[in-house]
Amino acid sequence: MSVPELDPEIIAAMRRAEELGARPIESITPEEARADFVRVVKEFQGEPDEVFSVEDRDADGVPIRIYRGVESDGPSMALVYFHGGGWVVGSIDTHDHITRALAKRTGIVVISVDYRLAPEHPYPAALEDSWKAASWVFANADELGIDVERIGVGGDSVGGCLAAIVARKGRDAGTPFAAQLLLYPAVSTRCDTQSFSLYQSGYGLTRDAMFWYWEQYLGKDFGGSGDPDISPGSLQDLRRLPRAIVVTAEADVLRDEAEAFAQRLFFGGVETEGYRYDGMIHGFLRMAAKVKRSNDAFDEIAESLRPFLEKGWREDFSALPGQSAAGDPLT
């Protein structure tokens, strides 16, 4: 298989990251990695989209930031968003551009979650915070001006991993979400697909870096986990999961596992749309200031996300085994 032809603007962005002093993640400390990440993201994000309002809140002890894309007289659709960064770097601040872009271009409410980071807070801290925040949004939908039947979950990279897990937990808990937006997600600890071999170095996120991230989150002997609370790709029962939009980048170590997960969702009866962005690398949505294709992608993602949310969840989840249409246990 031939190597991909990268977008010239992606190549220029990668060179600029090197000029800014971005170092191999596995060669530095988590604190140094966070500083590098902030420095690069600050230059690559560009001017943020203007949204109607931004509000910092507390969701049962988890910091969140609420973006309202437009002014609304009635209940709005919403997306609970989990940022990427390998469970080690990233925050609601570093992903402000992404969450603003999604809120503005879809016209919905986006709730960004500032979950705890590893290695200071290893698994399951990030998942606990993510589930707690998503559950809080669901429980407080009326006060937030959100349509409880049209709440989705989403995230990029490991945030996509968390979103997929929260989507499944919602299904199992009887409070299912209307959609899941998975942007180049990590869905397996195995790291053994063909894309891990093809793009193991020289394309941004490396194979060694992904191993390092998993190690910070799970410990040195994490191995190939079959726990769906860690690797959503290992989940066997995919029925009744929320509709899914799965976005991948052509030159990304995570590409094959994400696309395989999208295929399994589709064949499991889940309404699924998959998009591969050729010539792009992992994290390309954080490069909107440098890469026109990255900026355009937000418009394309918004065009898919809004109709998925508009359909709501009752249509698909009104007959979950053992539950009523309202999600209450049947007696």
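The dialogue below takes up these features one after another.

Student: What kind of model is this, and which atoms and numbering are used?

Tutor: This is a predicted model, in which local features need pLDDT of at least 70 and side-chain atom pairs count only at pLDDT 80 or more, while totals for chains, interfaces and linings use all residues. Residues are numbered from 1 along each chain as its sequence is written, and side-chain values use heavy atoms, with hydrogens and water left out.

Student: How is a pocket defined, and what is the volume of the largest pocket here?

Tutor: On a 1 Å grid over the protein atoms alone, a pocket is an open set of points with protein on both sides within 12 Å along at least five of seven lines, whereas a cavity is a set where a 1.4 Å probe fits but cannot get out; lining residues have an atom within 4 Å of a point. Grid points are joined across faces, edges and corners, and a volume is the space filled by probe spheres set on the points. In this model the largest pocket holds about 890 Å³ of space.

Student: Which residues lie nearest the centre of the largest pocket, and which element gives the most to its lining?

Tutor: There are 33 lining residues, and Ala22, Arg23, Gly204, Leu205 and Arg286 are those nearest the centre of the largest pocket. Helices and strands are DSSP runs numbered from the N terminus (H or I, at least four residues, for helices; E, at least two, for strands). At least two lining residues come from each of α1 (8-19), α2 (30-45) and α8 (207-218), and α2 gives the most, with six residues.

Student: How do the two largest pockets divide by residue class?

Tutor: Ala, Val, Leu, Ile, Met, Phe, Trp, Tyr, Cys and Pro count as nonpolar, Asp, Glu, Lys and Arg as charged, and the others, Gly among them, as polar. By that scheme the largest pocket is lined by 20 nonpolar, eight polar and five charged residues. The second largest pocket has a volume of about 200 Å³, and of its 15 lining residues Val187, Ser188, Arg190, Gly233 and Glu257 are the closest to its centre. The lining of this second largest pocket has three nonpolar, eight polar and four charged residues.

Student: Which residues have the most contacts inside the largest nonpolar core?

Tutor: In soluble globular proteins, nonpolar side chains tend to be buried together. A nonpolar core is a set of buried Ala, Val, Leu, Ile, Met, Phe, Trp, Tyr and Cys residues joined through side-chain atoms within 4.5 Å, where buried means under 20% relative accessible area, exposed over 50% and partly exposed in between (1.4 Å probe, protein chains only). The largest core here has 112 residues, and Phe82, Trp87, Met210 and Phe284 have the most contacts inside it. Helix α6 (residues 158-173) gives the most to this core, with eight residues. Contact means heavy atoms within 4.5 Å, and, leaving aside neighbours within four places in sequence, Trp87 is in contact with residues including Cys161, Met210, Tyr213 and Trp214.

Student: What lines the largest cavity, and is Arg168 buried or exposed?

Tutor: One cavity of 30 Å³ or more is found in a search of the whole structure, and the largest cavity has a volume of about 50 Å³. Among the residues lining this largest cavity are Ala164, Ile165, Arg168, Gln180 and Phe261. α6 supplies the largest share of the lining, three residues, and by class the lining has eight nonpolar, one polar and one charged residues. Arg168 lies in helix α6 and is buried, with a relative accessible area of 11%. Beyond its neighbours within four places in sequence, Arg168 is in contact with Pro228, Asp229, Leu235 and Leu241.
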